[in-house]
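This report describes a pair of chains for a reader who has the sequence and the structure at hand. Please keep both in view while reading.

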Amino acid sequence: MRMSADAKRRLGLLLAAVLLLVLGGLYQQRQQPVTLRIGLFAGSNWDVPDSDSYAVVDAAVEKFEREHPGVTVSYVSGIKKEDYSEWLAGRLLSGDEPDIFVIPGKDFNLYASIGALQPISETGSRDPSFSWEVYYPAALDYGRYDGEIYALPAASVPTLMFVNKTLLAREGIPIPRNDWTWQEFYEICRRVTRDTDGDGRIDQFGVYDYGWRLAAVANGVRLFREDGKASFFADSRMEETVRFLRELHKLEQGREVTARDFDMGRVAFRPFTFAEYRTYKPYPWRIKKYSSFEWDCIPLPAGPSGSSSSSLQTMLMGMSARSHHKGLAWQLLKEICYDPEIQKLTLERSQGLPVRRDVVESGSLQEMPDTASPGGGLDLRVVSAVMDHAVMEPKFARYEEVMMRADSELRGVIDGSIPFDNALNRIQKEINGWLQQ
Amino acid sequence: MAEIMPADGESRIRGLYRLLAVYNGLVVFLMAGFMSITQEKIVSSMAARTFLSSLPIVPLPAAQGFLLAAGSFLLLVLLGFLYRRQLLRSGGQYVVFLAETGACVLLMRSLNLAYDGVVLLVVADLMHRYQGEKQSWLLVGAMFGLYVIANYNLAVFQGHVAPFDAYAAYYRPSVQAWLLAIKNGFVSVNLILFVSWLVLLVQNKHREKERIASLNRQLGEANRKLRAYALEAERMAETRERNRLAREIHDTLGHALTGIAAGLDACIILVDAAPEAAKKQLAKIRETARRGITDVRRSVRKLRPDDLEKLPLRHAMARMVAEFAESSGMKIRLVALGWPDHLREDEEEVLYRVVQEGVTNANRHGHATEVIVTIGTEPGRVYLIIADNGAGCSEVKPGFGLRHMRERLELLHGRLRCWSDQGFTLEAVIPAGTEKGEAYDIDHDRG
């Protein structure tokens, strides 16, 4: 049976109606003002107090709206950092995720692998007003998954070594150079660790809070395979690291060094993330209350098998793969993560550091009013060098969990409560077991 | 075929098919609904991050996923309807079927490959359409193809859909077990429905085949009876004709001859005693003989072909030729170069019969498409040429037809020649206007 002419006409009419509807819908969409949405959380990415966490984003939004008339940008404020991961997952599942959003480090691999994030390698390479070269490699690598870039770094935080200049001067020790090693570090710690008031108890220490994580990175240990399915705790460099930390720990002769000891000016060294450093500083009463000392920041000491590298924490922002305005979203992403002006604001108004090398290096202490107070200084060129040598933190989903599990074991090994023998082999086996679950 | 299919079987198959379609629709609706509702619940109970980490993709938003599943199912059903109703040309049919398969793949994807029963719906559609002899092969091929598609789907999209288990994992373990059981139950019931449909289809087909076989047998029987009856009828017609002839001869010739014989007996006695009376008697006998001749003539006339009886020869021949041309599809041309004026009835009949036989032979033996019949006169004779463009034959073997023709012609002192070069040509010649031959002396009386 062939289609009758009548049926054909009806089918034609139906098709025409559908076409008209689709075109109408598209036109309607065109006519509507474009609204871009940003997903971000309140407070600092670096787990430090932050009173004005939206300052940088607000400035970027204002600038973007000025540059793109007819486009408005909005974000939901007040989402706490600890709720943010779930909030974002909920939005993704409901299909109304923001066009660009901050990606928690532990969620990055997941979202990149399930296609929630728009790959931007090609977009970035094609954009003549954009260059990958300006970023610190470790920061850029943080947004990479399986060779493809899915997110741009918005801000980074390196770890630096705080040095109590007053204490060292009192002991007649010069401030270590930027390329100091574990050997020098140990030597200084050995010299300053002593009983100053003669009550028979040690009350001056070398270092506080220098953990195995920092030491391992400085000794060039690579703890995990890229995919996070295997660990290398039994590596000889890790063994070297643990041995060093055991020696360092022995200096303290059983006394537990506390943060208060440091605040009181009785500890020579303390590693700080840049953000911790900046939030430590605005509360001078804390130091002034007990003591007053001058301080400086230098890179972490290098292990015998590594360099003075530290791990770089980075805040990532990416684009939704389902965004309806990918071009504009990319422009907005660039505004926040690439624009030198906004990046400079990061230096001035947040606890993090810009991710652009040129912005960090051209910055001055005057732009960081909180650090300009007496007591110490920070050479941004040193910070920049540290960031250049930094390695990125592993970011597979269970990283933090696994590190916590390893931590209690390793602490035991370092403070001598667990015999060293083949502890690392055992830990590696255990961790691999967890990772492969 | 549909017409001779038993109506109740057909309607039962259609009913079961409809049930299969409705059931699949229900399952699609329930499965899509379950996944959508679960997704909503996951978002509202703050379990999205955990849920997402168990998936290889970001699933569609709940409402969209549901609409996609419902939409692709409706599309599948619509295309299946179009396909089964055969509303389009055969090329379009393939496109429709391909589109239906595409809708099936889309539907399975939108249901996260949790339910592949719709493949059977597509197979049913395909089977519905092809009921020819190639059906079984086509069916096996199509089943194979569709299952390859289904498995390919599984293999390729497995990493690209949110697995059903991930949705089920949101619920308590005891509920999970129920969900899994229900899901498997859906698949099983679908399979049962499909197999029932298949059995019904095969049964129906078998019954239909038996019906056809039985009809064939009846037809063969009827045919055989008809042939026997025709033979019988022919024999009866012959007998009747023979009886008629016998009666005619008895009534006419028999009567006259009996009268003549009796009269002659009387004459033999009278001729010496009373010659005058014998003369009278002889005159009477002559009268009887004349009457007998008239009767015989009348009888002979009764035996002539109808057309020839009613029409003059030229019209009868033209009509016969035209009728034959029409019935056989041959092109026959009758060329009259001259019509003989005074032909006797027997001569007319012979000419008529020769043309009839010749044209029939050209059709039957020569398979000719074109025949030219030429009739003409020469002083003292009439000739007839029948030439065809048929196969001819290298050596003429006179069959019954030719021999009969020849015999008829020879009775009139005519002759028959035939040869084949381009086709087959038959030439008959009879002397015309001559009045020889004892057999037709009776015609003298007309004179």
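**Terms and numbering**

A crossing of two helices is left-handed if the near helix is turned anticlockwise from the far one by less than a right angle, and right-handed if clockwise. Helices (H or I, at least four residues) and strands (E, at least two) are DSSP runs, numbered from the N terminus.

The model is predicted, and local features need pLDDT of at least 70, side-chain atom pairs count only at pLDDT 80 or more, while totals for chains, interfaces and linings use all residues. Residues are numbered from 1 along each chain as its sequence is written, and chains are lettered from A and ligands numbered from 1 in the order in which they are written.

**A helix pair in chain A**

Chain A contains 19 helices and 13 strands. Helix α2 (residues 55–67) of chain A packs against helix α14 (residues 326–337) of chain A at an angle of about 135 degrees, their axes being 9 Å apart, where axes are lines fitted to C-alpha atoms, for helices over the stretch in contact, and angles run from 0 to 180 degrees between N-to-C directions. α2(A) is therefore oblique to α14(A), since angles under 35 degrees count as roughly parallel, over 145 as roughly antiparallel, 65 to 115 as roughly perpendicular and the rest as oblique.

The crossing of α2(A) with α14(A) is right-handed. A:V57, A:A60, A:K63 and A:F64 of α2(A) meet A:L332, A:E335 and A:I336 of α14(A), a contact being two C-beta atoms, placed from the backbone, within 7 Å.

**Nonpolar cores**

The largest nonpolar core has 162 residues, and A:A268, A:M317, A:L333 and B:L107 have the most contacts inside it. Such a core is a set of buried Ala, Val, Leu, Ile, Met, Phe, Trp, Tyr and Cys residues joined through C-beta atoms within 7 Å; a residue is buried if 20 or more other C-beta atoms lie within 10 Å of its own, exposed if 12 or fewer, and partly exposed in between, with C-beta atoms placed from the backbone.

B:L107 has contacts, leaving aside its neighbours within four places in sequence, with B:V28, B:A69, B:S72, B:F73, B:L76 and B:V118. A second, separate core of 30 residues includes B:A316, B:M317, B:V359 and B:L409.

**Exposed loop residues**

A:D146, in the loop between β4 (144–145) and β5 (148–149) of chain A, has a positive phi of about 55 degrees although it is not a glycine. A:D146 counts as exposed because it has 11 C-beta neighbours inside 10 Å.
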